[in-house]
Amino acid sequence: IIVHGNAASTRYKWDGGTWVAGDVLFTGGADQIVFGPSNAVAISGGRFLYSADGVTFSAAAQAPSSVSERGSCPEGGGRFASEPLLLATEAGYVALVPTATAWWSEDPVCESVVWFSADGNGWALVSPVSPFGEESVVSHLAERGGRFVVAGADNLAPSVIWVSDDGIGWDRLDTDLDGIDGLFAGELGWVITGAEPDYERQ
């Protein structure tokens, strides 16, 4: 297993009686890490890291980028801003990257755009237009059987689900929840958690 901490991400192995610390994959901890058939990609403190062997990580040669100027996206009415999300697909890696930095005190809406990489080291922007629509927020991700589901909100509803089989094209589905707190995948399917609506939609 890999244990993530604020200082570092470390690989641990079970020796039959206890967990033994192994390689330190990289310092700074990891926000996310995904493994492909022969390599791995991680996000650590906004940095995109690449590993050819799943052990030694370094900065990606051509990492996804986003606008970082304050106020570069519209106000979000108190909604959370999007977070970068990583997916490992059959074709390669997909990163859903916000188009601006999240400033939590102002809760901007920063639509995520799709970046693709065949090897996790060199990345290319698929389109400058977000597949999730204007003023959309994506903050939860789950995968099962090659199908990807993300949860968030947009300017039409406080809780939305998007579904994809390749991480590039996404289909939008409404929910009856007043905000989504969690999204999980398991043997039987997916589960979303959130608050019940306490208002009538206009």
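How many aromatic pairs does a search of the whole structure find? In this predicted model, the search returns 3 aromatic pairs. Two of the pairs described below involve F132, one with W162 and the other with W170, and these residues form one aromatic cluster.

- F132 and W162 make an edge-to-face pair, with 5.1 Å from centre to centre and 75 degrees between the planes.
- Because F132 lies in the loop between β11 and β12 while W162 belongs to strand β14 (residues 160-164), this pair ties together parts of the chain that are 30 residues apart in sequence.
- F132 and W162 are both buried, and for F132 the relative accessible area is 3%.
- The rings of F132 and W170 have their centres 5.4 Å apart and their planes at 50 degrees, so this pair is described as tilted; the angle falls between the limits of 30 degrees for stacked and 60 degrees for edge-to-face rings.
- W170 is placed in the loop between β14 and β15 (171-174), and its pairing with F132, in the loop between β11 and β12, therefore ties together parts that are 38 residues apart in sequence.
- W170 also counts as buried, at 8% relative accessibility, and F132, W162 and W170 together form one aromatic cluster.

**A charge over a ring**

- The charged end of R144 sits over the ring of W190, at 5.7 Å from the centre of that ring.

- S136 is found in the loop between β11 (124-125) and β12 (137-144), where the residue is buried, with a relative accessible area of 1%.
- The side chain of S136 reaches the backbone oxygen of G133 at a distance of 2.8 Å.

**Q32, in strand β4**

- Q32 lies in strand β4, which covers residues 32-35, and at 19% relative accessibility it counts as buried because the cut-off for that label is under 20%.
- A polar atom of the Q32 side chain lies 3.0 Å from the backbone nitrogen of L86.

Note on methods. Residues numbered from 1 in each chain as written. Predicted model: local features only at pLDDT ≥ 70, side-chain atom pairs only at ≥ 80, totals over all residues. Heavy atoms only, no water. Helix = DSSP H or I, 4+ residues; strand = E, 2+ residues; numbered from the N terminus. Buried < 20%, exposed > 50% of the residue type's maximum accessible area, 1.4 Å probe, protein only. Polar contact = N/O pair within 3.5 Å; in protein donor to acceptor, adjacent residues only side chain to side chain. Phe/Tyr/Trp six-rings, centres within 6.5 Å; stacked < 30°, edge-to-face > 60°. Lys NZ or Arg CZ within 6 Å of the ring centre and 35° of its normal.
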